[in-house]
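Biologist: I have a new model open and would like to learn how to read it. Could you walk me through it?

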Amino acid sequence: MKLIKLLTIGLSLLLVISCSKTDAEDQAAVIKGSKSAMVDLPTMQCGMCERAIETGLSKVNGVVSIDVDVDEKNAAVIYEAGLINLAGIEKAIAKLGYQANETSADSETYADLAKCCKLPEDR
Ligand SMILES: [Cu+2]
């Protein structure tokens, strides 16, 4: 009886250890495959732009995180290299109506942006 109880405890302990090991391995894989990049956002104007870009990009598959700096007009992006690349990120930002590095903003989306989010000459 005592042996069975000991065996059960040992087995469940082993299960817990192996489970937590898998989690750690998964996490390591995510960190290993992720890259970071700075993206210039020369046409962004205000906090509304910041929210629009952060919200829009956080929904894009492969984007781990995005931190937009309004004053510096750029964004720090962390992404899964196996799921998306920098060109894909630039394209996703352009689709939201903003220039990303050398990738021009989608003109239709740009036209629909709030006045304060457009370049001063387009207001
Ligand atoms: Cu704006």
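Modeller: Gladly. Let's start with the fold: along the sequence, the chain runs α-β-α-β-β-α-α. That gives four helices and three strands. Do keep in mind that this is a predicted model.

Biologist: How much of the chain is buried?

Modeller: Of its 123 residues, 27% count as buried. The chain exposes about 8300 Å², and carbon and sulfur atoms supply 59% of that area.

Biologist: Which residues touch the most other members of the largest nonpolar core?

Modeller: The general idea comes first: in soluble globular proteins, nonpolar side chains tend to be buried together. Here the largest nonpolar core has 23 residues, and those touching the most other members are Leu-41, Ile-53, Leu-57, Val-77, Ile-89, Ile-93 and Tyr-98. At least two core residues come from each of β1 (34–40), α2 (47–58), β2 (63–69), β3 (74–80) and α3 (86–95).

Biologist: What does Val-77 touch, leaving aside residues up to four places away in sequence?

Modeller: Its partners include Lys-35, Val-39, Val-63, Ile-66 and Ile-89. For the chain, among contacts with a separation of 6 or more, 55% join residues 24 or more positions apart.

Biologist: Which residues coordinate the copper ion?

Modeller: Cys-46, Cys-49 and Cys-117 do, each through SG, at 2.1 to 2.2 Å. Along the chain, the donors follow the spacing C-x2-C-x67-C.

Biologist: Why does Cys-46 count as buried?

Modeller: Buried means under 20% relative accessible area. Cys-46 counts as buried because its relative accessibility is 19%. Cys-49 is buried too, with a relative accessible area of 0%.

Terms used
Residues numbered from 1 in each chain as written. Predicted model: local features only at pLDDT ≥ 70, side-chain atom pairs only at ≥ 80, totals over all residues. Heavy atoms only, no water. Donors = N, O, S within 2.8 Å, 3.2 Å for Na, K, Ca; no water. Buried < 20%, exposed > 50% of the residue type's maximum accessible area, 1.4 Å probe, protein only. Contact = heavy atoms within 4.5 Å. Areas by Shrake-Rupley, 256 points an atom, 1.4 Å probe, with all protein chains shown as cover. Core = buried A, V, L, I, M, F, W, Y, C linked by side-chain atoms within 4.5 Å.
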